[in-house]
Amino acid sequence: MTPTPIRPDWDALAGAILHRLRCDVARKSPDPDRALGLAEAFPDAATGPLNLLAVAHLPPDVADGIRAEGGDPAATLVTGESRPPVHLPVPWLLMAVRLAASFGSAERLASAFSPSAVTALRLPEVTDGDALSLVIWRAALPKGRSTKAHPSTLTHGADDILLLRPEGTDGQLARNAAARLAEAVRLSLATDRPILILLPAAIRLPESLLRLLPEPVDLRPLDAEMLRAALRRSHSATGRIDEASVAAAMPASEALAKLPSEAITTAFRAPTAAAAVRKLAAIVDATPAEPPGTKITGTGAAAEAARRIAADLRDWRDGKVAWDEATRSMLLSGPPGTGKSWLARSVAAEAGVPLVEGSFAAWQALGHLGDMLGGMRATFETARRTGPCVVFIDELDAVGSRSGKDDHGATYRRQVVNGFLLEIDAALAHGGIVVLGACNDPSVIDPAVIRAGRMDRRIEMPMPDADRLMLVLRRHLGDEMPAPALQDFAKRALGCSLADMDAAIRELRSRHRRDGEPVTLEALARELGIVANPALDWRAAVHECGHAVVATALGQSTVTRMAIYIDGGETMRRGVPAAGTISDYDHELAVVLAGRAAEALVFGTPGGGSGGGARSDLAVATVIALGVHCQLGLGWSGSVWSRDAGELVAREPGLFTAIRKHLEAAERQASALLTERRELLEDMARALVAERQLEGEKLNLWLRRVPPAHAGAAAVDEEVAPEPASGGALEAEG
């Protein structure tokens, strides 16, 4: 027989609270033989007269029959019942157990209701307050006591307890919830009644008020021990369960704490405790796993900067460098799924410090401006208490800008930006706090937020390279497939995001459990939409090598990485200092349009891949040309600067013609450079098709073979060069 595990000290308190909840639900009072006096206010319901049959063991043949039918003999009475006579909603059940575990004993909980006691209970989530208030009101108060929600509602002569919590509906805080709660606390402190404050982490009370309150009691998140305690009361008529089966299937406490409430509620529908835990384990297994943050991989600019930040933080902690000598912040930008969150977690893990996470989406979801700013302050306050640490702020582009053209909501944006600036300045001045931000579009962020000193580094993260994709493949499939096969697949999968790869593998795992479909690299390729297309690969390679050859020939920039993806390609460059003359901009335009020129040279006509979105080659080139002609004093408008260059194009046909001719001339110059180097262009493209990505020494071997352009080779033809218009009103000549 499996020995009964030792129960935690708070288990008896949990049983008593749940017994009183059941009595309340059944509309009957607790047994008068229970709860006689303060020290015995919360007896263990499992030892009461309703459970006298729990001590008897079932005959072996009866137990075997129950087990064969999928039941739990340990939970079953000799009369056949295997559940308590009164059902409790799962949220009440779990909250009662969490409350008992947080206080630890009946004496400590009872002290919260003693005369003049002040207790703050810190809640991880706003929604915790609903179930917690109900459990306290129905089952945790001393006999004969009642609660009031505000000091103004106190009843004369009654022994009321003030139970204070922020106002809200359906888990959303009301407008000015923090201010109203603070006022209620101030008024309550002037009374002689016991005060219990339910304080969600998203609510930040004023410092002057916090100093008057005791250190809050943290409402503990659900863990394995609490889950076992709840299952003994929900899935057993005896107070016992099949402990061995439950322990064998129990997920880690860290995973349980992250599960949404509906997942746990669903699992509790299972017929036995062991089946419920197995259901939870399956949910945990199907939940997207966070990429492991144990090591910063890769060789790109983001990875190198992240390594330096982690090293600086370690050195500061070890007393090797002063805080003002360390790199303390970085902004990561790029499309979704490129691993920005993963890199932030990796910085914290490599530095050996905690990670504190926040996001503008989560803060704004709290409600009114004051609540949103309160959530922001709470995140940074957590960082100050936790430090040294890494603070990761996601969706930073949602902060907005105070200089936006849209006047609607301008006051809101101004206060949000100002509030964030105060918090980030205070955090960076606090030794040991590194701030990492992530966004998709840094151009919409207020310049004051991302200037040097607030964001020391600003780095664009491209789609993941083969090494980073290999990290996900090895984590999921490393025990099942050889490393060379995974490495080859990682190259084929270039263009997939880390999130896409992770989700596809989890989907295959789910199909395997449900339908028995094997998890293979071929199945993974189908799930990701990876289809061999040699013609598309060849065109993409020619396009990207066109950029690299022209950039190197002109010395316009340094190519650091090239890759072809399942749906295109990418060339990463690092700029070189330039004076910003018209020649410099002509060179840049030639590089940007060199991919299109390379396609026209090799295939006879370019494809549409140079155009499309706002980040496409044609879009980038057009923006550069607009700046040259309307804002830099180097083209059509002469020395006149225009804020709305795009609108000016619509009004001035001559400007449109000048820009079109300028771009066509730049493409011709790129074509001329590529024609002279066509053999090298095609050889390099074949190597890129074979390798799928070129970087480091493999790339440099090709770039060193590119002959430099002759002086003046990239100058725009005089007959098509855009001349500044006299007074900014003449059309360019056709």
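Helix α19 (residues 466-477) has twelve residues, which at 1.5 Å a residue should span 16 Å; its end C-alpha atoms are 15 Å apart, which agrees. The expected span is 1.5 Å times one less than the number of residues in the helix. This is a predicted model: local features need pLDDT of at least 70, side-chain atom pairs count only at pLDDT 80 or more, and totals for chains, interfaces and linings use all residues. Residues are numbered from 1 along each chain as its sequence is written, and side-chain values use heavy atoms, with hydrogens and water left out.

**The whole chain**

- The chain holds 30 helices and 15 strands. Both are DSSP runs, numbered from the N terminus: helices are H or I with at least four residues, strands are E with at least two.
- Of the 734 residues, 49% are buried. Buried means under 20% relative accessible area, exposed means over 50%, and partly exposed is in between (1.4 Å probe, protein chains only).
- The accessible surface comes to about 34000 Å². Carbon and sulfur atoms own 54% of that surface. The areas come from the Shrake-Rupley method with a 1.4 Å probe; for residues, only the protein chains shown count as cover.
- Take the contacts with a separation of 6 or more: 74% of them join residues 24 or more positions apart. A contact means heavy atoms within 4.5 Å.

**Helix α19**

- Nine of the twelve residues of α19 are buried, so the helix is largely enclosed by the rest of the structure.
- The buried residues are Ala466, Arg468, Leu469, Met470, Leu471, Val472, Leu473, His476 and Leu477.

**The five-stranded sheet**

- An open sheet of five strands runs in the order β2-β3-β6-β1-β7, with parallel pairing. Two strands pair if DSSP finds at least two bridges between them.
- The edge strands are β2 (146-148) and β7 (217-218), and each pairs on one side only.
- Strands of a sheet pair through backbone hydrogen bonds, either parallel or antiparallel.
- β2 and β3 are joined in the parallel sense over three bridges. Here Ser146 has Asp160 of β3 as its bridge partner.
- β3 (residues 160-164) also pairs with β6 (residues 195-200), again in the parallel sense over three bridges. Here Leu163 has Leu196 of β6 as its bridge partner.
- β3 is mostly covered, with five of its five residues buried. Asp160, Leu162 and Leu164 point one way, while Ile161 and Leu163 point the other way.

- Thr119 lies in strand β1 (residues 118-123). Its relative accessible area is 12%, so Thr119 is buried.
- Thr119 and Val217 are 98 residues apart along the chain, yet their C-alpha atoms are separated by 7.6 Å.
- Leaving out residues up to four places away in sequence, Thr119 touches Phe103, Ala112, Ile195, Leu196, Ile197 and Val217.
- Arg193 sits in the loop between α6 (177-189) and β6. Its relative accessible area is 17%, so Arg193 is buried.
- The side chains of Arg193 and Asp192 make a polar contact of 3.4 Å. A polar contact is a pair of N or O atoms within 3.5 Å; within protein, one must be able to donate a hydrogen and the other to accept it, and residues adjacent in sequence count only if both atoms are side-chain atoms.

**Nonpolar cores**

- The largest nonpolar core has 63 residues. Such a core is a set of buried Ala, Val, Leu, Ile, Met, Phe, Trp, Tyr and Cys residues joined through side-chain atoms within 4.5 Å.
- Leu99, Leu132, Ile136 and Phe268 have the most contacts inside this core.
- Helix α3 (residues 90-103) gives the most to this core, with eleven residues.
- Apart from it lies another core, of 34 residues, among them Val550, Ala553, Ala687 and Leu688.

**Arg561**

- Arg561 is part of strand β13 (residues 557-565). At 7% relative accessibility, Arg561 is buried.
- The side chains of Arg561 and Gln693 are joined by a polar contact of 3.5 Å.
- Not counting residues up to four places away in sequence, the residues that Arg561 touches include Pro462, Leu494, Glu570 and Leu699.
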